[in-house]
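Welcome! Take a moment to look it over before reading on.

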Amino acid sequence: MPAAYEQYLVPVVFRPFAEDLTARAAALHPRRILELAAGTGVLTADLLTATPSAEVMATDLNEAMVAFGSTRAPGAVWRQADAQQLPFPDGGFDLVVCQFGVMFFPDRIEAFTEIRRVLARGGRFLFNTWGPLGTHAFEVALQAGLERAFPADPPRFFQTVPHGYADPAVVAADLAAAGFAVEDEQELTLDGQAASTADLVTGYLTGTPVRAAIEERGDGQAVRATVIEEMTARLGPGPVTAPMTAYVFRAAA
């Protein structure tokens with residue numbers, strides 16, 4: 001999964017937003033950065049370049065992602081960690097960043113409380129979360145393909161997890177419940193560019209948790225062909241450019 005995620009999804013879906021989050025992070029002039037849900041290290045590598053004097057601790061719950069990311073961004077210290085039980089002392093960081101990871105926290109208020117604990121007084125929590133599924137053109141087309149491949153019971157991962165925390169008012173309320181003061185909240189739409197719909201399908205079907213759902217349900221090759229056909233009908237064969245919307249938050253401890 002990490003290799004497929006890195007090759008097919010990171011350049012298209014995640015790099016544009018990593019560049020944005022990096023610029024916002026660098027403007028804060030951090031000295032000690034903790035990154036959560038670092039994945040394969042797309043944001044990590046950018047942070048190392050943009051904040052060369054800062055210490056960067058990159059973490060992910062998934063050990064395979066940590067192993068992969070540590071080879072991609074070796075300038076950071078990498079560690080497996082659960083955002084709800086961070087293995088760090090109080091006040092150890094002045095910036096915590098997280099790119100498209102908060103949606104995966106089982107208890108977001110508990111995780112936000114932990115994040116606030118490890119931040120120094122006045123430290124910042126900077127993160128993004130996807131908007132509703134309908135605002136992400138690639139994943140609208142992908143979900144349509146999955147529904148065509150599995151008309152009775154399509155996988156709902158993208159609706160319920162990546163796009164399942166898409167109400168800014170709910171996010172702000174959770175931050176407040178954890179003791180944060182929201183300093184800035186912005187809606188941001190960026191374009192993703194993919195070489196082909198076939199590449200996108202490879203990334204989504206083999207580099208995300210949908211992979212397991214498809215393997216459980218039947219013929220992976222037939223599913224792939226159906227999803228490619230549907231996405232191509234909606235987006236074109238490639239190169240493909242499509243808009244993606246996210247919300248960006250900055251909160252103070």
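What percentage of the 253 residues in the protein chain do buried residues make up? The figure is 52%. Please keep in mind that this is a predicted model.

**Overall build**
- The protein chain has ten helices and seven strands. Its radius of gyration is 18 Å, close to the 18 Å that the globule rule gives for 253 residues, so the chain is as compact as a globular protein of that length.
- Taken along the principal axes, the box filled by the C-alpha atoms is roughly 55 × 35 × 30 Å.
- If you look at contacts between residues at least 6 apart in sequence, 79% of them join residues at least 24 apart.

**The nonpolar core**
- The largest nonpolar core has 80 residues, and Phe112, Ile115 and Phe125 touch the most other members. Helix α1 supplies the largest share of this core, with ten residues.
- To see one of these residues in its setting, find Ile115: leaving aside residues up to four places away in sequence, Ile115 touches Leu36, Leu86, Val96, Phe105, Phe125 and Phe180.

**Helix α2 and its cover**
- The buried residues of α2 are Val42, Leu43, Thr44, Asp46 and Leu47.
- Among the elements that cover these buried residues are α1, β1, β2, α3 (63–72), β3 (77–80) and β4 (93–99).

**The largest pocket**
- The largest pocket has a volume of about 820 Å³. It is lined by 40 residues, of which Ala37, Asp60, Met65, Phe100 and Phe104 are the closest to its centre.
- Two or more lining residues come from each of α1 (2–26), β1 (32–36), α2 (42–50), β2 (55–60) and α6 (157–160). Helix α1 gives the most, with five residues.
- By class, the lining of the largest pocket holds 26 nonpolar, ten polar and four charged residues.

**The second largest pocket**
- The second largest pocket holds about 160 Å³ of space. Its lining is made of Val201, Thr202, Leu205, Thr206, Arg211, Ile214, Glu215, Gly220, Gln221 and Arg224.
- Helices α8 (197–206), α9 (210–217) and α10 (220–235) each give two or more residues to this lining, and the largest share, four residues, comes from α8.
- The lining of the second largest pocket divides into three nonpolar, four polar and three charged residues.

Notes
Residues numbered from 1 in each chain as written. Predicted model: local features only at pLDDT ≥ 70, side-chain atom pairs only at ≥ 80, totals over all residues. Heavy atoms only, no water. 1 Å grid on protein atoms, 1.4 Å probe; cavity = no way out; pocket = protein on both sides within 12 Å on 5 of 7 lines; lining within 4 Å. Points joined across faces, edges and corners; volume = space filled by probe spheres on them. Nonpolar A, V, L, I, M, F, W, Y, C, P; charged D, E, K, R; others polar. Buried < 20%, exposed > 50% of the residue type's maximum accessible area, 1.4 Å probe, protein only. Contact = heavy atoms within 4.5 Å. Core = buried A, V, L, I, M, F, W, Y, C linked by side-chain atoms within 4.5 Å. Rg over C-alpha atoms; globule rule 2.2 N^0.38 Å.
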